[in-house]
Structure formats: C-alpha cells, structure tokens
Amino acid sequence: MISNSEGNEKRLSEIRSFVRDVAIPAEVEVVEKNCIPESIVDVMRKSGFFGWSIPKEYGGAGLSTEELALANIEISQAATAFRARAGTNTGIGSEGIVQDGTKAQKEKWLPRLASGEITACLALSEPDAGSDATALKTTAIKLDKSPEQFLINGTKRYITNAPIADLFTVFARTNPSDLSHKGISAFLITKDVPGISAGPEHKKMGQSGSPVSEVFLKDVLASRDDVIGGELGVGFGTAMKALNKQRINLAALCIGPAIRLLDEALVHVKKRQQFGKPIAEFQLVQAMLAECKVEIEAAKSLVLETARARDRGEDITTQASICKYYASEMCGRVADRVVQIFGGAGYCADIGGPIEMLYRDVRLFRLYEGTSQIHLLNIAKRILK
Ligand SMILES: Cc1cc2nc3c(=O)[nH]c(=O)nc-3n(C[C@H](O)[C@H](O)[C@H](O)COP(=O)(O)OP(=O)(O)OC[C@H]3O[C@@H](n4cnc5c(N)ncnc54)[C@H](O)[C@@H]3O)c2cc1C
C-alpha cells in the first residue's frame with residue numbers, strides 16, 4: 001500500500017518529531033501570544049508541511065488521500081493552530097486551483113503555496129450564508145465598458161487565516177438574477193488589490209494562534225484571468241470539490257487530538273492517586289479510557305478506508321460526510337471524557353496542562369466545513385435516494 005511506502009514513513013516520523021520536539025513545547029507560548037512564532041512557521045515551511053496535497057509538478061509532495069490523512073493524524077496531535085497555519089495551503093486554499101485551475105493559475109500560485117511563501121484562504125461563508133452557502137450575497141458584476149472585468153462587493157465571515165492571507169479564493173455571484181449555485185463563480189484575489197481587507201480577529205472559544213476574521217470586499221476589481229478555471233457559474237462546484245476532499249482531511253484532523261487526549265489521560269491515571277491507589281485501577285475510569293480507544297480506532301479505520309477508496313477513484317461523497325460527522329463527534333466525546341478523567345485538573349489549565357485547551361479547541365470541529373446536522377441531512381438524503 002502507498003501508506004507503507006518508505007518516503008511516507010519517513011515523512012510521518014519527521015512530523016512526529018516536529019509535534020513532540022517543537023510544537024507541543026511551544027503550545028503555551030502560542031496560546032499566550034495568540035500566534036505561532038515565525039521561527040516555527042519557518043520549520044514547517046522547510047519541512048514541506050505547506051505542500052502536502054499539492055502535486056509534485058508544482059512543488060508539493062503530491063500525497064495520496066491516504067498519505068495525507070496519515071500526515072494529518074500526526075500533525076493534529078499538537079494544538080490545532082499548528083496544522084491550521086499550513087492547513088489552508090495544503091487544503092481548502094489550494095484545492096480549488098488544483099482541481100479546477102487553469103495551467104497558468106496552477107503555475108502562478110501552487111509552487112508559492114506549496115513552499116509556504118504565501119498563505120491562502122477560502123472565503124465562502126458570509127453573515128447570511130453559513131450552512132446554506134448557496135445563499136451568498138457577494139456579487140461580482142461585469143463592467144459595462146469591459147465585460148472581461150468585474151467589481152466584487154460583499155462581506156465574508158469566519159475566514160480561517162484571512163488576517164495573514166496573501167491569496168483569497170472569493171466566491172461571488174456573477175449572475176445576480178440566478179440565485180442558485182449556478183450563479184456563483186470563484187475568484188483568486190490577492191491581498192494587495194485595492195478594496196479587499198480583513199477585519200479584526202474573531203474572539204474565539206479556542207484554537208488560539210489560528211487567526212480567523214471577516215473579509216470585506218468593496219469595489220474590488222477582478223478580471224476573467226482571476227476566475228478559477230476561467231469559467232463563470234461553476235464556482236460552487238469548485239468549492240464542493242475542495243470541501244469534499246477536505247471532509248476526509250478534517251476527519252483525520254479530529255483523530256489526532258483524540259489520540260493526544262487519550263495519551264495524556266493514560267499518563268495521568270497511573271500517576272493520580274485517590275482512595276490509596278492510582279485512579280487507573282477504578283473500573284469506571286477504565287471504561288472511559290476503553291470507550292475513547294474504541295471510538296478512536298473506529299474513526300481511524302473509517303477515515304483511512306474512505307481515503308483509500310478515494311485514491312481508487314471511487315465516489316466517496318456519502319462516506320466523506322460520514323467521516324466528518326463521526327470523527328468530529330467522536331473527538332468531542334473523547335475530549336469530554338478526558339476532562340472527566342482529569343477531574344478538576346481537566347477544567348483548570350494551570351493544573352491539568354493542555355486538557356482544558358484541547359477541550360475548547362476541538363469544539364469547532366462539529367461546526368465548520370458542514371455542521372453535524374448538515375452532514376446527517378446529507379447522509380440521509382443520499383441513502384434515501
Ligand atoms: C473558527 C471558524 C473558522 C471557519 N473557517 C471558515 C473558512 O475558512 N472559510 C469559510 O468559508 N467558512 C469558514 N467557517 C464557517 C463555517 O463553515 C460555518 O460557521 C458553518 O458552515 C456553519 O454556518 P453558520 O455558522 O452560519 O451556522 P448556521 O448555518 O446559522 O447554523 C446554525 C445551526 O442551525 C443548524 N442548521 C442550519 N441549517 C439547518 C438545516 N437545514 N437543518 C437542520 N439544522 C440546520 C446548524 O446545524 C447549526 O446547528 C468557519 C467558522 C468558524 C467558526
């Protein structure tokens with residue numbers, strides 16, 4: 001299997017070293033300063049973390065879906081900010097270009113994204129368009145005097161890495177009279193184009209060090225060359241292709257924190273003594289540990305099998321939703337149990353270390369890239385067909 005290839009084993013071992021020796025020791029600083037030190041981002045750049053999913057011919061590692069899932073399971077064992085820093089480049093910020101970009105767009109952007117020289121983000125959600133992303137109101141209106149040029153106006157909300165992004169994939173309605181997904185096109189806009197700006201960082205529950213903000217577009221001038229693939233009206237399809245793959249990525253990214261939480265719990269239960277013995281000896285505590293292990297293994301098997309199916313060229317649309325739903329809910333349950341296992345130390349960061357942070361960090365997984373409810377609806381719709 002591809003996953004056992006020597007190159008990938010070496011990569012996974014490098015990621016493990018990064019997580020253990022660089023990222024985890026820096027977690028407190030990242031939370032306190034609410035950013036990842038640039039020296040660590042440089043290590044991530046040099047280690048190729050920004051280009052995992054980008055094809056080799058454009059400077060990336062060209063990982064298969066399975067290899068990427070395995071890499072994501074490793075990197076996400078450190079605080080989520082680390083993987084989120086590179087995650088928009090090797091994920092939603094580049095995937096639209098990889099899938100549907102013209103050759104010129106791929107040559108222009110992918111090598112710079114793969115090296116981490118620039119940072120990308122995907123700007124789909126809006127104040128009135130969340131779960132129903134097709135309701136987006138941002139418009140890209142053709143200029144009368146120059147029909148190959150557009151003026152983009154609108155507001156995007158909750159955009160990961162927007163405050164530090166150089167390249168924005170902006171979804172806008174090029175056909176205002178078509179309120180369906182067919183009226184939407186995807187534009188590549190750089191931060192230096194007049195009229196585009198990121199708002200102040202949202203004040204989030206968790207994931208400190210991963211900047212997220214609104215994006216304001218006021219009379220932003222774009223040309224036909226900025227439209228992904230050069231074709232109008234297919235932008236929503238591009239977003240769905242990117243998000244379909246991303247659902248497997250995200251499911252894998254839910255497994256890493258769950259593994260970390262269980263590892264932390266396994267150490268804690270042997271050290272913490274109550275009633276004259278380690279709490280590991282209490283069967284009710286053992287049950288919580290075992291339940292965590294069962295669910296982690298189930299999620300891992302599901303995600304890796306779905307990744308392999310995608311690599312075989314199978315349609316994994318339903319499975320991707322199942323993965324995203326199950327892995328994100330699983331991670332929430334594991335985090336909750338581990339807080340329980342730690343007792344007060346799970347609630348107080350100064351006593352219990354990373355548990356309180358991880359509990360808050362993983363809450364987002366059930367919300368973004370399709371809430372759990374939206375995935376359940378999607379799964380139900382597809383199996384009822
Ligand atoms: C920190 C963060 C980072 C993000 N990063 C990005 C990003 O990089 N790019 C981007 O484009 N977006 C991003 N998002 C947006 C994210 O994808 C949306 O928040 C998500 O899709 C949910 O939309 P909403 O928040 O508007 O919730 P809503 O759509 O308002 O949903 C609210 C509640 O209603 C439920 N609901 C909605 N519709 C239905 C229905 N039909 N049936 C049953 N229940 C329903 C939902 O499940 C949820 O429980 C991010 C969000 C956050 C919080």
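How much area do domain 1 and domain 3 bury between them? The figure is about 2400 Å², with 60% of it on carbon and sulfur atoms; buried area here is the accessible area (1.4 Å probe) that two parts lose on being put together, summed over both.

Before going further, a word on the model: it is predicted, so local features need pLDDT of at least 70 and side-chain atom pairs count only at pLDDT 80 or more, while totals for chains, interfaces and linings use all residues. Residues are numbered from 1 along each chain as its sequence is written, and side-chain values use heavy atoms, with hydrogens and water left out.

Let's step back to the overall layout. The protein is divided into domain 1 (2-115), domain 2 (120-233) and domain 3 (237-384), with bounds that come from an automatic or database domain assignment. The contact between domain 1 and domain 3 takes 25 residues from domain 1 and 30 residues from domain 3, where contact means heavy atoms within 4.5 Å. The centres of these two domains, taken over C-alpha atoms, are separated by 20 Å.

Now to the ligand. Domain 2 and domain 3 both give residues to its shell, so the ligand lies between them. The shell holds 19 residues, and Ser125, Ser131, Tyr158, Thr371 and Gln373 are the closest; a residue belongs if one of its heavy atoms lies within 4 Å of the ligand.

Nitrogen atoms of the ligand lie 2.8 Å from a backbone N or O atom of Leu122 and 2.8 Å from a polar backbone atom of Tyr158. On the oxygen side, a ligand atom is 3.0 Å from a polar backbone atom of Leu124. Taken alone, the ligand exposes 970 Å², and the protein buries 63% of that (Shrake-Rupley method, 1.4 Å probe).

Terms used
A polar contact is a pair of N or O atoms within 3.5 Å; within protein, one must be able to donate a hydrogen and the other to accept it, and residues adjacent in sequence count only if both atoms are side-chain atoms.
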